[in-house]
Structure formats: structure tokens, C-alpha cells
Amino acid sequence: MTLHTQTASTESQSGGTLSLYRLLDPEVLADPYPLFHRLRTEDPVHWDPFLHAWVATRYKDVVTVLHHYSAERTPTPEQLAAMGLAALNPISEIMVKQMLFLDPPTHTRLRSLASQAFTPQRVEVLRGHIRDITDRLLDKVQAKGHMDVIADLAETLRFIVTAEMLGVPVDD
């Protein structure tokens, strides 16, 4: 076990330091909401010493950051490796490709494409279809008499809707 993992594990039981690095701890990842709550209440605009990055956790602050700062400050896998944080490369590889972490003109192009899928007319069509999918998923678990809302409904619904919107077979 590395020093960081030992530290994160020990700290997760005691409340620990405020760092998104702690999401690598399986115990924290299983229930990250106490960490998110602490960040919002104790240090809503937080310098994360492990990630070498600022973390904004309140809506108002996030909007300010999105409107006034460059997204190109998101660390690349190469930058994380240079800081000795290569363990975070899988997260960085995803972040540097997400629309939220891109600057214009790439962000503008992707946002334009995404917005076409969410016109008021398209959303209204989706609303009924999503309701039908939800009803089918609830019918599947009704006989059991109990359900895990996340596993049986939320995740499954998200996967089905996303697959259908992307034109990917739902069974895949």
C-alpha cells in the first residue's frame, strides 16, 4: 500500500484532509457525499495540494470559474506524471476530453452539436420515452418487492437513454 493510499484510508475514517485525491480510496469512493459536503461547507474554493489544482464546489463559484477562467488549466496526463501523480492519469484522460474542460472554439463546436439533441421539441419527445423506459424498469423490480434505486433504476435508465441517443444498441 502506498503512503498516499494509507493516508487516504486513515483519513477517510476520521474525516481526513480535504482533497479529491481521496476519491481513490474505495471507502470514500463508495460514499463520496460526506467529502463533497465538507468541501462545500468548509472550503468551497479549495486548493487541492495533491492535485495541484483549485476545486470549486458551489454553483456560484463554478459559474464564475467557467465564465472567467481558461479550461486549459486542467492538468494533462503528462503534467500529472511530471508532478508524480500518474495514478490520476485515468481521470485526467477523461477530463481533458469533456466539453466542460475545453475552451473555444472546440467547446463552442461541441456545445453546438450537443444543443441540437436538446431542443425543446426533442426533450418533449424524450420525456415520454424516458417515462416508458422508467415504467418498464419499475415493472421488472416490482415482483421482488424491493429495489436498489441506483442499480435497478438510475444507472440502468441512464445507460439505456444514452445508448439510444447515441444510436448504440442497448444490449451492448
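1. Is Trp 54 exposed or buried? At 60% relative accessibility, Trp 54 counts as exposed, where buried means under 20% relative accessible area, exposed over 50% and partly exposed in between, with a 1.4 Å probe and protein chains only.

2. A word on the basis of these values. The model is predicted, so local features need pLDDT of at least 70 and side-chain atom pairs count only at pLDDT 80 or more, whereas totals for chains, interfaces and linings use all residues. Residues are numbered from 1 along each chain as its sequence is written, and side-chain values use heavy atoms, with hydrogens and water left out.

3. On the overall fold, the protein has nine helices and two strands, and along the sequence they follow the pattern α-α-α-β-β-α-α-α-α-α-α; helices (H or I, at least four residues) and strands (E, at least two) are DSSP runs, numbered from the N terminus. The protein is more spread out than a compact globule, because its radius of gyration is 20 Å, well over the 16 Å that the globule rule gives for 172 residues; the radius is taken over C-alpha atoms, and the rule is 2.2 Å times the number of residues to the power 0.38. Along the principal axes, the C-alpha atoms fill a box of roughly 45 × 45 × 30 Å, and 24% of the 172 residues count as buried. Of the contacts (heavy atoms within 4.5 Å) between residues at least 6 apart in sequence, 33% join residues at least 24 apart.

4. On the aromatic side chains, a search of the whole structure finds three aromatic pairs, a pair being rings of Phe, Tyr or Trp (its six-membered ring) with centres within 6.5 Å, stacked if the planes are under 30 degrees apart, edge-to-face if over 60 and tilted otherwise. One of them is the stacked pair of Tyr 21 and Phe 50, at 5.1 Å centre to centre and 25° between the planes. This pair links distant parts of the chain, 29 residues apart, with Tyr 21 in the loop between helix 1 (3–14) and helix 2 (26–30) and Phe 50 in the loop between strand 1 (45–48) and strand 2. Tyr 21 is buried at 10% relative accessible area, while Phe 50 is partly exposed at 22%. Trp 47 and Trp 54 form an edge-to-face pair, because their ring centres are 5.4 Å apart and their planes lie at 65°; Trp 47 is partly exposed, at 39%.

5. Of the 42 residues that line the largest pocket, the closest to its centre are Trp 54, Val 65, Thr 74, Met 95 and Phe 101. Helix 4 gives the most to this lining, with seven residues, and the lining residues divide into 28 nonpolar, nine polar and five charged. The second largest pocket, of about 190 Å³, is lined by Ala 117, Phe 118, Thr 162, Met 165 and Leu 166.

6. On the backbone, the peptide bond from Pro 104 to Pro 105 is cis, with omega near 5°, and deserves a check, since most peptide bonds are trans. Pro 105 lies in the loop between helix 6 (89–95) and helix 7 (106–116).

7. For the pocket terms, a pocket is an open set of points on a 1 Å grid over the protein atoms alone, where a 1.4 Å probe fits, with protein on both sides within 12 Å along at least five of seven lines, and lining residues have an atom within 4 Å of a point. Grid points are joined across faces, edges and corners, and a volume is the space filled by probe spheres set on the points. Ala, Val, Leu, Ile, Met, Phe, Trp, Tyr, Cys and Pro count as nonpolar, Asp, Glu, Lys and Arg as charged, and the others, Gly among them, as polar.
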